[in-house]
Amino acid sequence: MNRSILSSWIFAISVSMAFCVGSGIVTFLTPCHAGVFDGTPKAVTLPEAGSDEPVGIAVLETGSKTITMEILGGTTAIAQKKTSKKKKKEGEEPQLHGYTLIDGKAKKEGEKSWLIKYNEKGRTATAATLTHDGKTLNFKWNTKVPKKLLAPVGNCVLKLVCESETHYLALREPIRLELIELNIKTASGSLKTPKLQIPFPSQDVLVFEMQNLGKYQPGNTSVVIPPATKISEIDPKVPMQIMFNFTDKAGNVRQPFLFNITLNVGNIFGVTIAPPPEQVKQVAMELQKALDPQIDITISNLKKRNASLAQKMEKQQGWQRDGKDTNEIAMNEMYIWAVGHLKVLANAQANVRLYADYGEMKMDLVVTDVAIAAENAEQKKSKSKKSQKSEKEEGESDEDNAFGGMKF
């Protein structure tokens with residue numbers, strides 16, 4: 001084979017492999033084809049409600065391919081207040097209070113348009129318009145609709161379909177917070193969001209998930225973390241609990257301590273992890289003792305004591321054994337077990353998540369992120385520098401919206 005031809009062939013394979021490996025696909029002599037939604041984000045921030053300028057919210061390069069769109073979460077986007085239920089007439093359909101999506105009329109050739117409709121008591125109004133020109137998905141509010149009726153649009157998700165590809169686009173980005181850290185002095189940890197710019201959707205779709213407490217995760221049999229649970233199914237008077245279950249050799253289960261998970265879901269979202277009020281002081285004290293080097297000596301002595309008692313009981317007939325010895329061994333084992341878990345819990349961090357469950361997809365509303373602490377520290381540092389600079393410069397110087405004209 002001609003050397004120049006061979007070199008060109010090898011070069012072509014190398015380029016093809018390099019490009020495809022970078023895309024996460026390894027092929028030979030087969031070009032990689034990018035997906036339609038490769039550049040499309042999973043979540044966007046809508047323009048401020050009330051602004052009347054169209055804004056490109058997502059890259060969406062479909063070329064000549066046809067795209068279809070659905071809206072998810074429209075019927076639950078607006079949280080319903082609990083009111084006395086009125087009896088419905090037989091055969092009467094429940095009236096929709098929320099958002100629907102319909103096709104609109106494109107103003108330009110090759111453009112596609114959709115209307116997000118606000119629905120209430122059988123009346124409708126266009127809340128926003130979506131347009132797509134083959135490259136960008138644009139969004140525009142209808143400023144005649146009150147802002148308070150526009151903001152919940154952010155609780156919706158657009159389901160985009162192009163041929164065999166599907167993509168979900170959340171119309172709000174999740175609030176990202178630092179992980180919850182368990183303070184050994186208070187035996188508790190908490191987080192709280194700022195006041196919400198977009199109110200949460202209906203509690204029927206809101207789900208709280210405790211992802212871990214330190215190294216402990218859901219599914220652990222001795223440290224039981226509650227599963228993901230709908231907010232509407234949580235009794236505010238009965239907090240969710242993380243239970244620490246010690247099982248002795250006789251199969252008896254005891255709880256040396258436990259933690260309550262208390263939620264606040266309203267204009268803010270808050271989570272507190274703490275022992276029941278009557279256990280707080282004791283658990284906090286034991287948490288601090290678990291980190292004291294002296295505890296290792298105590299544990300060693302307890303193990304020796306248990307070994308001595310076990311040896312004594314082995315030499316005795318069943319009727320000769322003292323029940324107090326059996327109970328002491330069990331209590332010592334539980335204490336050793338508890339200290340081991342408390343050592344893990346001291347300054348342990350917890351991940352939590354709040355999301356809207358729309359069946360075919362879950363939209364994150366609040367998530368914890370280990371990187372946020374570093375980002376917040378950097379922002380505080382930057383603000384401090386700006387503040388100091390501003391003070392220095394100053395020292396050197398001497399010197400809800402009405403409906404308007406909207407008609408349903």
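Is Y118 buried or exposed? With 0% relative accessibility, Y118 counts as buried (buried is under 20% relative accessible area, exposed over 50%, partly exposed in between, using a 1.4 Å probe on protein chains only).

## About the model

This is a predicted model, where local features need pLDDT of at least 70, side-chain atom pairs count only at pLDDT 80 or more, and totals for chains, interfaces and linings use all residues. Residues are numbered from 1 along each chain as its sequence is written, and side-chain values use heavy atoms, leaving out hydrogens and water.

## Aromatic pairs

Searching the whole structure turns up 9 aromatic pairs (Phe, Tyr or Trp rings, the six-membered one for Trp, with centres within 6.5 Å; planes under 30 degrees apart are stacked, over 60 edge-to-face, the rest tilted). Take Y99 and Y118: their ring centres sit 5.8 Å apart with the planes at 55°, so this pair is tilted. Y99 belongs to strand β3 (residues 98-103) and Y118 to strand β4 (residues 112-120), so the pair ties together parts 19 residues apart in sequence (strands are DSSP E runs of at least two residues, helices H or I runs of at least four, numbered from the N terminus). Y99 is buried too, at 1% relative accessibility.

Elsewhere, Y216, F244, F257 and F259 make up one aromatic cluster.

## Who lines the pocket

The lining of the second largest pocket splits into 13 nonpolar, 2 polar and 7 charged residues (nonpolar: Ala, Val, Leu, Ile, Met, Phe, Trp, Tyr, Cys and Pro; charged: Asp, Glu, Lys and Arg; polar: the others, Gly among them). α2 (147-150) and β9 (175-177) each supply at least two residues of that lining.
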